[in-house]
Amino acid sequence: MMNTIRRLLICTVLLLSSAAWGEDKVGDEATEARLKAMAVELRCLVCQNESLEHSRADLAVDLRNQIRDMVRQGKNDQQIMEYMVARYGDFVRFRPPLKSTTAPLWFGPFVLMALGGLVLMYTLVRRRRRVNIARLSSSEQERIRTLVANNSAAVEEDGKA
């Protein structure tokens, strides 16, 4: 009897908690198609690397419901996008427009890559100069040959003994 009550209680809690996860309200097909098209263009503000369409965060569910309500109110896609940008900034868009505030997003990777290339070239040139400076004179080269020859002879004698 106690196991049955415990199982019933667990099932009830699980059913109630699944409803609390915040499922989307479902509308008609035209509304859902427009919602999906808008949600692909918008970024989840919690997940940041996920579209609003694929995110399961509570905020993403709320934003999808808000977009759905705006579509039902008769607002067009441009008005909805302007509302989202006004409220959350250009960051909410996956492809922000090119303007002075978003220029670092568009050109930053190229600038960093160019700077990295310049640092690499500078390092390689410095290394090459250092190697060129360390060249040996002909007398030093002759001394090294003599030392190597003497060392080779010593190794041969040790090998025979």
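Biologist: What makes the meeting of the Glu53 and Lys36 side chains a salt bridge?

Modeller: A salt bridge is a side-chain nitrogen of Lys or Arg within 4 Å of a carboxyl oxygen of Asp or Glu. The N to O distance for Glu53 and Lys36 is 3.8 Å, so the pair meets the definition. This is a predicted model, in which local features need pLDDT of at least 70 and side-chain atom pairs count only at pLDDT 80 or more, while totals for chains, interfaces and linings use all residues. Residues are numbered from 1 along each chain as its sequence is written, and side-chain values use heavy atoms, leaving out hydrogens and water.

Biologist: Which parts of the chain does the pair of Glu53 and Lys36 link?

Modeller: Glu53 lies in the loop between H2 and helix H3 (58-72), and Lys36 lies in helix H2. The two residues are 17 residues apart, and the pair links distant parts of the chain. Helices here are DSSP runs (H or I, at least four residues), numbered from the N terminus, and strands are runs of E of at least two.

Biologist: Why is Lys36 called partly exposed?

Modeller: Buried means under 20% relative accessible area, exposed means over 50%, and partly exposed is in between (1.4 Å probe, protein chains only). Lys36 has 48% relative accessibility, so Lys36 counts as partly exposed.

Biologist: How do you know that Arg72 and Asp69 are separated by about one helical turn?

Modeller: Arg72 and Asp69 are 3 residues apart in helix H3, which means about one helical turn. The two form a salt bridge, with the closest N and O atoms 3.8 Å apart. Arg72 is partly exposed at 44%, and Asp69 is partly exposed at 30%.

Biologist: How many salt bridges are found in the whole structure?

Modeller: The search finds 7. Side chains of opposite charge can pair when their charged atoms come close.

Biologist: Why are H2 and H4 called oblique to each other?

Modeller: Angles under 35 degrees count as roughly parallel, over 145 as roughly antiparallel, 65 to 115 as roughly perpendicular and the rest as oblique. Helix H2 (residues 29-41) and helix H4 (residues 77-88) pack at about 40 degrees, with axes 11 Å apart, and are therefore oblique. Axes are lines fitted to C-alpha atoms, for helices over the stretch in contact, and angles run from 0 to 180 degrees between N-to-C directions.

Biologist: Which residues make the contact of H2 with H4?

Modeller: Arg34, Met38 and Glu41 of H2 and Asp77, Ile80 and Met81 of H4 make the contact, where contact means heavy atoms within 4.5 Å.

Biologist: What makes H3 and H4 oblique?

Modeller: The axes of H3 and H4 cross at roughly 140 degrees and come within 11 Å. H3 and H4 are therefore oblique to each other. On the H3 side the contact is made by Leu63, Gln66, Ile67, Met70 and Val71, and on the H4 side by Ile80, Tyr83, Met84, Arg87 and Tyr88.

Biologist: How many helices and strands does the protein have?

Modeller: The protein has 6 helices and 0 strands. Buried residues make up 18% of its 161 residues.
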